[in-house]
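Please look over the sequence and the model that follow. The paragraphs after them go through a few features in turn.

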Amino acid sequence: MTVSPYLGVGALTPAFERADAAGKGLFVLAATSNPEAAPLQGALLRDGRSVARAVVDEVRARGHGVVIGATGALVAVGLDRDDLIGMPILAPGHGAQGARLVDARARFGDAADLVLASASRSILRAGPDGLSDAIAAHAAEAQW
Ligand SMILES: O=c1ccn([C@@H]2O[C@H](COP(=O)(O)O)[C@@H](O)[C@H]2O)c(=O)[nH]1
C-alpha cells in the first residue's frame with residue numbers, strides 16, 4: 001500500500017504497525033514523479049535535510065519502503081541514490097510519464113536491486129489484444 005507522509009511520518013505509526021503485524025510493507029511517498037512536487041519535497045528543513053531525505057531516513061528506520069519517481073533528478077529533491085540503497089523503492093513514472101525502464105540502473109545505481117518499477121498507461125493502452133505483448137516488451141526493458 002502507498003501512503004502519504006504529509007501529516008508527518010510519525011502519524012503513519014498505526015499503518016506501519018498494522019503492516020508489520022501482517023508481515024507486509026508500506027511505500028511512503030518521498031519524491032514523487034509529478035513535476036510540481038520538487039519545490040515541496042526538495043525544501044530544506046532546519047537540520048539541512050530536504051523533506052524527501054527526511055522522509056527516506058524516517059521510513060528506513062521503520063523498515064518500510066519509499067516512492068521515488070523515475071522522472072526528475074534526485075538532486076532536485078536533495079537526494080543521492082546512495083541514500084536509497086537497501087530500501088524497497090516503488091518507482092512510478094516509467095512509460096507514459098517519460099522515464100525509460102532501461103535507465104533504472106543508471107538512475108538508482110546499487111539501490112536498483114530493490115526497485116519495483118511501475119508502468120500503467122503505457123501497457124494498458126495496448127488494449128486487451130496487445131496486453132501480453134506490451135507486458136513482454138516492458139519486461140524485456142526492465143533487465144537491470
Ligand atoms: O509519484 C507518483 C506516485 C504515484 N503515481 C501513480 O502511479 C500511476 C502511474 O501511472 P502511469 O500510467 O504509469 O503513469 C498512477 O496511478 C499515478 O497516480 C505516480 O505516477 N507518481
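Is Asp113 buried, partly exposed or exposed? Asp113 counts as exposed because its relative accessibility is 56%; the class exposed means over 50% relative accessible area, buried means under 20%, and partly exposed lies in between, with a 1.4 Å probe and protein chains only. The model is a predicted one, in which local features need pLDDT of at least 70, side-chain atom pairs count only at pLDDT 80 or more, and totals for chains, interfaces and linings use all residues. Residues are numbered from 1 along each chain as its sequence is written, and side-chain values use heavy atoms, with hydrogens and water left out.

Asp113 has a charged partner. Arg105 forms a salt bridge with Asp113, and their closest N and O atoms are 2.8 Å apart; a salt bridge here is a side-chain nitrogen of Lys or Arg within 4 Å of a carboxyl oxygen of Asp or Glu. In general, side chains of opposite charge can pair when their charged atoms come close. Arg105 itself counts as partly exposed, since its relative accessibility is 31%.

Other salt bridges share partners, and these join Asp47, Arg49, Arg53, Asp57 and Asp83 into one network. Within it, Arg49 pairs with Asp47, with 2.9 Å between the closest N and O atoms. Arg49 is partly exposed because its relative accessible area is 27%. Arg53 forms a salt bridge with Asp57, the closest N and O atoms being 3.0 Å apart. Both Arg53 and Asp57 lie in helix H3 (residues 51-62), 4 residues apart, which is about one turn of the helix. Helices (H or I, at least four residues) and strands (E, at least two) are DSSP runs, numbered from the N terminus. Arg53 is partly exposed, as its relative accessible area is 26%, and Asp57 is also partly exposed, at 22%.

Why is Asp83 classed as buried? The reason is its relative accessible area of 14%. The side chain of Asp83 makes a polar contact with the side chain of Arg53, at 3.1 Å. A polar contact is a pair of N or O atoms within 3.5 Å; within protein, one must be able to donate a hydrogen and the other to accept it, and residues adjacent in sequence count only if both atoms are side-chain atoms. Over the whole structure, a search finds 6 salt bridges.

The next topic is the ligand. Which residues are around the ligand? They are Thr32, Ser33, Val67, Pro92, His94, Gln97, Ala119, Ser120 and Arg121, where a residue is near a molecule if one of its heavy atoms lies within 4 Å of it. A side-chain N or O atom of Ser33 is 2.6 Å from a nitrogen atom of the ligand. A polar side-chain atom of Gln97 is 2.7 Å from a ligand oxygen atom, while Ser120 has a polar backbone atom 2.8 Å from an oxygen atom of the ligand. Taken alone, the ligand exposes 470 Å², and the protein buries 64% of that.

Finally, a UniProt record (unreviewed entry) lists residues 1-128 as "domain: Orotidine 5'-phosphate decarboxylase". This span is 28% helix and 13% strand, and its end C-alpha atoms lie 26 Å apart.

Technical notes:
UniProt positions are given in the numbering used here, feature names are shortened, and annotations may be inferred rather than shown by experiment. Accessible areas come from the Shrake-Rupley method with a 1.4 Å probe; for residues, only the protein chains shown count as cover.
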